[in-house]
Amino acid sequence: MNNETVMLQTVKCCPEPSASHLLNPDFIFNERNLGHYQASLLQGIALIQKSVAAANKPFSGILPHELAAQFRAVDLRQTCGLAEALAELEQLYLNHAVYFHHPQYVAHLNCPIAIPAILAELLLVSVNSSVDTWDQSAGGTLIEQKLLDWTTEIIGLGGQADGIFTSGGTQSNLMAMLLARDSCCAKNAGYSTKTHGLPVDFGKLRIFTSQASHFSIQKAAAILGLGYDAVVPVACDRYFKMDVAALAHELDRALANGLIPMAVVATAGTTDFGSIDPLPELAQLCQVYGLWLHVDAAYGCGLLVSPKFRHWLAGIECADSVTVDYHKAFLQPVSCSAFLVKDKRHLAVVTHHADYLNPLSQANDGVPNLVNKSIQTTKRFDALKLWLTLRVMGAAQLGAAFDACIHLAKQAYLLLLSEPSIETLHHPQLSTLVFRYRPARQADGAELDKANAAIRKALFRSGEAVIAGTKVHGQQYLKFTLLNPLTTIQDLQAVLKLILFYGRQYGHADDLPNAVNDDFVKEACDA
Ligand SMILES: *Cc1c(COP(=O)(O)O)cnc(C)c1O
């Protein structure tokens, strides 16, 4: 007689919830089911191995309605065996996933991931620690804290600095604007927004950030009750870096209009151009105006560990707060990010002591409850991924990977320059390239915009390569974002060839055989 049977018999004498016999205890992770755990994971690994080995393109090219049709057959009220569920998943997901590790995936800020980080993901998911309180994580809390200390140290934020892991740059930027808003209100109105909400003249608060900064700043302003109108877009120079003179002008204009500057958000690595705002000059200006300086280094944080280009981030140590996305520039899986602050006292804005979770008495006893610094409560132990990566690979390898991407961007720039039908928009700074297809006689305008939109769409439909698109000065461009240190210039040559092919096809859409026309070009033209 095994344990379960004994238990069930004992339980029989009590009134039993009617559905309890429906639960198969074999599915619950515990010490008795380690065999089942291992067998399940091995099936999962085998499936991933099969899918990744078969993925000779970054994407299958499937269209949303084609894939959605397959989902209609799935009835979530029915169950099936694991093998069947995995086979179904292969059809619904893995065969049509977008594979970031593929060298011809050059679209967004997604990196290939380090194997130690994948192993860490398995560990943290299995133990399922929640790094909100010490009593739900113990060592997990100390691992996260040590990585926060490591990060503030490599930034150079000083002895009073601290931080917290977040779900991503968006959450980090929201925290930055929250702390800056509170600090500004406390200074100007002697008023804590945490307790009393927004002061009466909150409508005067202004955030200054460049035209090339990330949209999460606008989003944060909206969430914080300030609205998009509170974000003052500052002009960029021709390298897409914030123009310091333009910022000073905007600040003076705001002050003259009785507005209250609350923060300057500098971007260290803009999403489109990889441009780094002039941090030392901005820090100086913020000092003069008594303003919070937030540095959004979601992308550029890779420079923190770069053997060659760390000096591009000079001035970041003056920031009041910093956003870093390890899941963009440190070969980490989604999510893995952090928010850092120069003076840890500002984190008190998000501290709330609940008797049932993190009582004040624990804080007084020195119990490290990370929830006291976070806008989340239950929180993934994402820090473990960076931890194991650093322990096994080391920061130098991560930096070398980022440097390789910067180097590749320079090579790719030369490649694009050498192609007469391609017009580049900027010198690469980090590892993005913005350019467009523009054959010799093609004039600026709607037709050229359409051609470039069509190229991107046709490429995605073919699945052979995934590139990004963006608009600059109202015109449609194409974009490479290079975060894969193993992508070679030959890979990019192949992508360029495809771009030229589809560009020419667009120009002659009428002559195309119907199949190609339908699949690749017509939809793109209609879009
Ligand atoms: C990606 C990005 C963000 C947003 O980060 P998520 O991790 O996607 O939430 C913020 N700022 C910049 C500059 C970015 O490139």
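In strand β12, T481 is the bridge partner of T432. The model in which this pairing is found is a predicted one. The two strands concerned are β10, residues 432-437, and β12, residues 475-481; they pair in the antiparallel sense over four bridges.

Helix α16 (residues 446-462) packs on the sheet, where it touches β10, β11 (466-472) and β12. The direction of α16 makes about 35° with that of β12. Helix α15, which covers residues 395-417, lies across β9 and β10 and runs at about 15° to β10.

The sheet as a whole is open and consists of five strands in the order β1-β11-β12-β10-β9, with mixed pairing. Strands β1 (105-106) and β9 (422-424) stand at the edges with a single partner strand each, so one side of each is left without a neighbour in the sheet.

## The seven-stranded sheet

A further open sheet has seven strands, in the order β2-β8-β7-β6-β5-β3-β4, and its pairing is mixed. Its edge strands, β2 (162-166) and β4 (231-234), each pair on one side only. From one strand to the next, the twist averages 20°.

Within this order, β5 (residues 260-267) and β6 (residues 292-297) pair in the parallel sense, over five bridges. V264 has L293 as its bridge partner in β6. Helix α10, formed by residues 244-256, lies across β3 (205-210), β4 and β5, and it runs at about 145° to β4.

## The ligand site

The ligand is surrounded by 15 residues, of which G169, T170, D296, D325 and K328 are the closest. By class, this shell has ten polar, three charged and two nonpolar residues. Helices α7 (169-189) and α12 (326-329) each supply at least two residues of the shell. The most comes from α7, which gives three residues.

Terms used. Residues numbered from 1 in each chain as written. Predicted model: local features only at pLDDT ≥ 70, side-chain atom pairs only at ≥ 80, totals over all residues. Heavy atoms only, no water. Pairing = 2+ DSSP bridges. Contact = heavy atoms within 4.5 Å. Axes fitted to C-alpha atoms, helices over the stretch in contact; angles between N-to-C directions. Near = heavy atom within 4 Å. Nonpolar A, V, L, I, M, F, W, Y, C, P; charged D, E, K, R; others polar.
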